Amino acid sequence: MLTLAYPWLLLLLPLPWIVHRMVPPRIERRPAVRVPFFATLVALTGAAPQGGAAVVRRGIWRTTVLILCWCLSVGALARPQWIEPPLHRDQPARDLLLLVDLSGSMETRDFTDATGAAVDRLTAVKQVLDDFLSRRDGDRVGVVVFGNAPFTLVPFTADLGLCRRLVQEMQVGMAGPRTVFGDAIGLGITLFERSTVPAKTIIALTDGNDTASRVPPAEAARIAKDKAITIHTIAIGDPTAVGEDALDEKALRDVADATGGGFFRALDRTQLAGVYQRLDAIETRKVDTVSVRPRTDLFWVPLAALTILSMAAQTLGLLPRLRRGSPSGRADGHSAATPGVRP
């Protein structure tokens with residue numbers, strides 16, 4: 001569809017006519033030639049001298065060219081554009097952050113893989129996370145790992161292939177042997193500060209209690225709630241463990257309840273997979289559809305026509321002068337001979 005970016009500039013089209021009607025014509029004075037026998041010339045020629053100013057009028061074709069040039073100039077200033085059919089693009093409407101515990105207890109081999117073989121907890125988590133991430137198309141996903149301190153493994157990205165690959169490279173103890181769950185939530189809140197999407201979700205997975213956080217999990221959850229961040233917590237491993245490996249299910253449940261999320265318990269890989277399936281149903285894919293109509297500027301078309309028209313008009317105006325000044329156009333019909341050469 002053809003449209004104009006500045007259609008109001010078309011109001012300038014009658015401007016030359018208005019100037020022509022309202023502004024008085026320009027008067028140009030030129031010196032005359034004094035002839036001492038002027039009266040004799042008048043008597044011999046029979047022409048009567050006329051005084052006053054002579055009005056010079058343009059021909060029809062010159063007036064037409066000027067009108068067309070003005071119209072093309074105004075048309076270029078109005079910036080014609082060709083609008084293409086709308087293009088629809090989906091963009092993420094949710095930022096999803098995964099908090100993964102990499103403390104030493106994640107080495108415990110009390111889980112099984114898809115074949116039934118005994119594996120450590122982290123291996124089972126990575127297998128389930130890979131399947132979960134494969135269904136998150138349309139979300140931006142980030143990963144934070146924590147042990148003695150939290151670290152950003154993957155900043156928010158829509159490249160789920162990269163995210164899945166880095167998740168598979170996680171190793172137990174790479175962030176330290178302890179558990180700083182509250183600090184991990186705090187780092188997640190910091191990552192969300194630059195997020196502009198309406199839905200913000202944290203899925204936290206841990207198999208131990210908080211042992212070294214500077215920010216208690218309950219306080220971090222309160223801040224997350226103020227930032228409109230929902231936290232789902234997943235407790236994995238043996239709930240009867242004691243010491244450093246003990247599960248503080250009450251703290252995990254309080255964090256989830258404070259932010260409107262859910263608390264889940266996964267004692268084996270099957271339950272863990274079921275948890276992520278439930279989360280996949282709760283945190284449904286959110287996508288904003290953006291419609292864009294590409295615009296192609298066509299102002300160069302009237303400019304090109306203006307250039308061609310003005311050059312053609314100037315060329316046609318010069319042709320009669322060239323004919324009058326050429327040797328072949330002499331009125332006496334004789335050709336000029338080159339000096340020193342016999343004809």
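These legends walk you through several close-up views of one predicted model.

Residues are numbered from 1 along each chain as its sequence is written, and side-chain values use heavy atoms, with hydrogens and water left out. Because the model is predicted, local features need pLDDT of at least 70 and side-chain atom pairs count only at pLDDT 80 or more, while totals for chains, interfaces and linings use all residues.

View 1. Helices (H or I, at least four residues) and strands (E, at least two) are DSSP runs, numbered from the N terminus. Of the 343 residues, 33% are buried; buried means under 20% relative accessible area, exposed means over 50%, and partly exposed is in between (1.4 Å probe, protein chains only). Contact means heavy atoms within 4.5 Å. Take the contacts with a separation of 6 or more: 80% of them come from residues 24 or more positions apart.

**View 2. Six strands line up in an open sheet with the order β8-β7-β4-β9-β10-β11.** The pairing here is mixed, and two strands pair if DSSP finds at least two bridges between them. Strands of a sheet pair through backbone hydrogen bonds, either parallel or antiparallel. β8 (150-157) and β11 sit at the edges with a single partner strand each, so one side of each has no neighbour in the sheet. On average, neighbouring strands are turned by 15° against each other, direction ignored. For angles like this, axes are lines fitted to C-alpha atoms (for helices, over the stretch in contact), and angles run from 0 to 180 degrees between N-to-C directions.

**View 3. Zoom in on β10 and its two parallel partners, β9 and β11.** Six of the seven residues of β10 are buried, so this strand is largely enclosed by the rest of the structure. β9 (residues 199-206) pairs with β10 over six bridges, and Thr201 stands opposite Thr230 in β10. Going from β9 through α7 to β10, the chain makes a right-handed β-α-β crossover: with the strands pointing away from the viewer, the path from the first strand over the helix to the second runs clockwise. Helix α8 (residues 249-259) lies across β9, β10 and β11, at about 160° to β10.

**View 4. Helices α4 and α5 cross at roughly 175°, with their axes coming within 10 Å.** That makes α4 (residues 121-133) roughly antiparallel to α5 (under 35 degrees counts as roughly parallel, over 145 as roughly antiparallel, 65 to 115 as roughly perpendicular and the rest as oblique). From α4, the contact uses Lys126, Leu129, Asp130 and Leu133; from α5, Leu160, Cys163, Arg164, Val167 and Gln168. By class, that is five nonpolar, one polar and three charged residues. Ala, Val, Leu, Ile, Met, Phe, Trp, Tyr, Cys and Pro count as nonpolar, Asp, Glu, Lys and Arg as charged, and the others, Gly among them, as polar.

**View 5. Thr179 sits in the loop between α5 (160-168) and α6 (181-192).** With a relative accessible area of 4%, Thr179 is buried. Leaving out residues up to four places away in sequence, Thr179 touches several others, including Asp101, Phe146 and Thr206.

**View 6. Arg79 has a positive phi of about 60° although it is not a glycine.** Look for Arg79 in the loop between α3 (60-77) and β2 (80-83). Arg79 is partly exposed, at 30% relative accessible area.
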